[in-house]
Amino acid sequence: MSDRNARIVYSTGSGSICPKCGWPARDCKCSSQFAKDQPVPPRIVAKLRIEKAGRGGKTVTVVYDLPNNHAFLKDLATELKRACGAGGAVVEHSIEIQGDMRDRIRTVLARKGWTIKG
């Protein structure tokens, strides 16, 4: 075997490794996932839409353009799921509730004093 084809296959050198996820710093996936939470503004405008794409024809109500605050989104999702009697999830700065629940979600958010569009 010649040295011309020799290359490093594995190295124990740490280099610039992300301490959270263990990936190289240039390929780090956690920096976008663990972004700092934004403070919740006093005036919130929530937007509603219905989606079916990519869900096998099932309808989902999406509440989007919400503040990027994980605890806030999680609490709101729990409250909306309970009020609608349906399942749902927090997905990338928005909340998805199963089914066409726009009317129920509007009443819950209006009770909170929020502006609702859509």
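Predicted model: local features only at pLDDT ≥ 70, side-chain atom pairs only at ≥ 80, totals over all residues.

Started with the surface. I get an accessible area of about 8,600 Å² for the protein, and carbon and sulfur atoms account for 50% of it.

Next, burial. I looked up how much of the chain is tucked away: of the 118 residues, 25% count as buried.

Then the contacts. I took those between residues at least 6 apart in sequence, and 48% of them join residues at least 24 apart.

Secondary structure after that. I have three helices and five strands in the list. Reading from the N terminus, the order is α-β-β-α-β-β-α-β.

Now a helix pair. How do helix 2 and helix 3 pack, and how far apart are their axes? Helix 2 covers residues 70-84 and helix 3 covers residues 102-111; I find an angle of about 125 degrees between them, with the axes 10 Å apart. Oblique is therefore the word I wrote down for helix 2 against helix 3, since the roughly antiparallel class needs an angle over 145 and the roughly perpendicular one stops at 115. The crossing of helix 2 past helix 3 is right-handed.

Who makes the contact? On the helix 2 side I listed L76, E79, L80, A83 and C84, and on the helix 3 side R104, I105, V108 and L109. Sorting the residues of this contact by type, I get seven nonpolar, two charged and no polar.

Note on methods. Residues numbered from 1 in each chain as written. Heavy atoms only, no water. Helix = DSSP H or I, 4+ residues; strand = E, 2+ residues; numbered from the N terminus. Buried < 20%, exposed > 50% of the residue type's maximum accessible area, 1.4 Å probe, protein only. Contact = heavy atoms within 4.5 Å. Areas by Shrake-Rupley, 256 points an atom, 1.4 Å probe, with all protein chains shown as cover. Axes fitted to C-alpha atoms, helices over the stretch in contact; angles between N-to-C directions. Parallel < 35°, antiparallel > 145°, perpendicular 65-115°, else oblique. Left-handed = near helix turned anticlockwise from the far one by under 90°. Nonpolar A, V, L, I, M, F, W, Y, C, P; charged D, E, K, R; others polar.
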